[in-house]
Amino acid sequence: MPGIFVLGTIENGIPSRSTLELLTGAQRLAGGLQEGVSVGLLGPGDAASLYRYGVEAVYRANHPLLKEYQADLYLLALQRIAQTAGARVLLLSGDSLGRDLAARLAFRLKAGIVTDVIEIDIEGSEKMPRFTRPAYGGKAAAVIIPKRFPVVVTLKPRTLDPAAPAGKPKGKEIPVEISLDLAQARTRMVERVQEETTGVKLEDARAVVSGGRGLGGPEGFTLLVQLARVLKGAVGASRAATDAGWVPSSMQVGQTGKTVSPDLYIAVGISGATQHVAGISGAKTIVAINADPEAPIFKVAHLGIVGDYKAILPPLIAKCRELMGS
Amino acid sequence: MRIVVCVKQIIDPELPASQFRIDAESKRQRANGHPLVISPYDENALEVALTLKEKTGGTVAVVSAGEPSAISALRKGLAMGADEAALISDPALDGSDAFGLAAALARGIQKLGTPDLVLCGCESGDWADRTVGPILAEALNIPCVSFVAQVEAQDGRLRMRRVVEEGYEIWEGAPPLLLTILSHESNVPRYPKVKDIMTASRRSIPTWSAADLGVEAGDIGKAAMRTEVQQLTLPSRESRCELLDGEPAQQVATLITKLRERKAI
Ligand SMILES: Cc1cc2nc3c(=O)[nH]c(=O)nc-3n(C[C@H](O)[C@H](O)[C@H](O)COP(=O)(O)OP(=O)(O)OC[C@H]3O[C@@H](n4cnc5c(N)ncnc54)[C@H](O)[C@@H]3O)c2cc1C
Ligand SMILES: Cc1cc2nc3c(=O)[nH]c(=O)nc-3n(C[C@H](O)[C@H](O)[C@H](O)COP(=O)(O)OP(=O)(O)OC[C@H]3O[C@@H](n4cnc5c(N)ncnc54)[C@H](O)[C@@H]3O)c2cc1C
């Protein structure tokens, strides 16, 4: 039985971005521990696309009740396939689904758990996996080792690069029988609401313009939306801005919120608390616009403008518009 | 409704990185006399509990596991409006991971009386494992909804707004439930009144040991540890920022040039 298990998702016939990130982690563990990799799928989706990534087995639980996310049912199915797969290390994405399921899965499997992992390596001759994660709001980095197996591990999204195909496809699918009953869902998701400002997903955007408390109110965000539109990017926010209700929580960037890794990140009126910066470490170029020259954001930015955003953004938007020819 | 809120006392997480020091031996942050606070999202959770109580009646209890100093976190909870508080404190808890902690918290919560609703923060302000809430739900054998920004009670059922990547989801469930709470404009923590701080300072708060709670010695502390912190280090932080001078028009022009050089636009 393969020792490394990945909870995967298939989107439009191919492994999702987060699944490919998990497979990068899995390949690393598999290489170091001399183990195979299996993937668990809940519901339909073409498994064949996974075999190119060195996946030996796909365990699938298919049931009409798994069509949309219901925590209790997903947990039952996931526990079932994880037990069938019998893996020592189980990798889940640290996205909203992984955050909801991982710790409860660990409890049910009597496993250990490490969350928010940003780096995986294998140590010494005992071949112990070591998981690096941020601690203290990103002010420190901790290396965590399991004291027992199995261990459930969640990876911080958008941190590891997506996996590249590895070797000849050779996997097989193993159906896992599961009987579920709606009565087993003690809580129910009854509605799902999308919130988007520019039509570009924040996590996928090549340019992100984020605003913080320094904008002084929700009106400030209209300038940010204009700039993001011109750059064909998305708008993000600090927690101070989402907590104030200026923009929806789903726009929060940082430790609790989203991790983004754009080519360009523009932080406007954001002080640069480590918990915010935790979400932008993958950004290639960081620009800070802040009235206070002492703001910590200038310690992490590549380019900085000290000034009032109200004076900077209008000419910036105009210039970008000229350049982009829109 | 009987509501229990789990609060963790931590060193102020908004302390600037420049003042952050590591204790090499314990692999934790050195306290260095920095202020101790309630982990921020736990205050949001408490606000949710107090608001629900105001609307639907019932009681709110706050419970914490930790050092004796955590009494002050509980007193703040009482001052904000909680009816009851309990501290779980025992050297036997040292080295507990989230499973050990949840085992102790579960027993403490049951000792307070069977709850209808247990609220935790969505993540703590220091280690942010995001595990104690969901594991506690399992230990109590109740369902869990995580990253909840808003809760409404309706005809004995609860409606939760859960924040996800694309927006939010609405979840429904009947008590007993455990929710992990995210900050939101609707749950900004209230300031306690001076009079209530005075009253809370005179309240006696029970401290329970693992034995008081009947927690098995093998379920807590180092012996029960499933994962271990092997190393805690400071990431390197070197400033590389180029500040752009001049009037706004000049700054913007330079910025554009630099961004094009870096192929960022
Ligand atoms: C457990 C935990 C998790 C957290 N998770 C997150 C997270 O995911 N994301 C996040 O962002 N935060 C998070 N935080 C909060 C974080 O610690 C900070 O409190 C928050 O990021 C501050 O937001 P801000 O920079 O917008 O506000 P402030 O720190 O108040 O900064 C506002 C800035 O605006 C500047 N300014 C004011 N006026 C102007 C002007 N006219 N023009 C230009 N600049 C101006 C000011 O100089 C200041 O630097 C978390 C905290 C904890 C404890
Ligand atoms: C007495 C004690 C000794 C410890 N010793 C060690 C040690 O030696 N080595 C080590 O690695 N770790 C130790 N820990 C830390 C412990 O492993 C973590 O604090 C625990 O796993 C919780 O993780 P977290 O802080 O990331 O919480 P999360 O899972 O992020 O917390 C989420 C929520 O759970 C609730 N919660 C969390 N902790 C508490 C608490 N203590 N009381 C009440 N509610 C809480 C809060 O509502 C919080 O917002 C110790 C903790 C305690 C209390």
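Mentor: Buried area is the accessible area (1.4 Å probe) that two parts lose on being put together, summed over both. This is a predicted model, so local features need pLDDT of at least 70 and side-chain atom pairs pLDDT 80 or more, while totals for chains, interfaces and linings use all residues, and side-chain values use heavy atoms, without hydrogens or water. Residues are numbered from 1 along each chain as its sequence is written, with chains lettered from A and ligands numbered from 1 in the order written.

Trainee: How much area is buried between chain A and chain B?

Mentor: Start with the contact, meaning heavy atoms within 4.5 Å. Chain A puts in 87 residues and chain B 82 residues. Carbon and sulfur atoms give 57% of the buried area. The total is about 7,400 Å².

Trainee: Which helix gives the largest share of the side of chain A that touches chain B?

Mentor: Polar contacts are pairs of N or O atoms within 3.5 Å; within protein, one must be able to donate a hydrogen and the other to accept it, and sequence neighbours count only through two side-chain atoms. Between chain A and chain B, 43 residue pairs are in polar contact, both at pLDDT 80 or more. The largest share of the chain A side is 9 residues, from helix H3 (residues 96-108) of chain A. Helices (H or I, at least four residues) and strands (E, at least two) are DSSP runs numbered from the N terminus, and the helix asked for is H3 of chain A.

Trainee: How many residues on the side of chain A that touches chain B are charged?

Mentor: Asp, Glu, Lys and Arg count as charged; Ala, Val, Leu, Ile, Met, Phe, Trp, Tyr, Cys and Pro as nonpolar; the others, Gly among them, as polar. That side has 41 nonpolar and 19 polar residues. Its charged residues number 27.

Trainee: Which residues are linked with Arg162(B) in a network of salt bridges?

Mentor: Within chain B, Arg162(B) bridges to Glu169(B), with the closest N and O atoms 3.0 Å apart. Arg162(B) is buried (under 20% relative accessible area; over 50% is exposed, in between partly exposed; 1.4 Å probe, protein chains only), with a value of 1%. Glu169(B) is buried too, at 3%. The network links Arg162(B) with Asp100(A), Arg104(A), Arg192(A) and Glu169(B).

Trainee: Which residue does the side chain of Asp243(A) meet in a polar contact?

Mentor: Asp243(A) sits in helix H5 (residues 239-243) of chain A. Its relative accessible area is 18%, so Asp243(A) is buried. Beyond neighbours within four places in sequence, Asp243(A) is in contact with Ser183(B), His184(B) and Glu185(B). The polar contact, at 2.7 Å, is with the side chain of Ser183(B).

Trainee: How far apart in sequence are the parts that Asp72(A) and Arg186(A) tie together?

Mentor: Asp72(A) is buried at 3% relative accessibility, while Arg186(A) is partly exposed at 30%. Their salt bridge has its closest N and O atoms 3.0 Å apart. Asp72(A) lies in helix H2 (residues 71-85) and Arg186(A) in the loop between strands S12 (172-175) and S13 of chain A, so the parts tied together are apart in sequence by 114 residues.

Trainee: What is phi of Phe147(B)?

Mentor: Phe147(B) lies in strand S9 (residues 144-154) of chain B. Phe147(B) is buried, at 6% relative accessibility. Phi is positive although Phe147(B) is not a glycine, at about 55°.

Methods:
A salt bridge is a side-chain nitrogen of Lys or Arg within 4 Å of a carboxyl oxygen of Asp or Glu.
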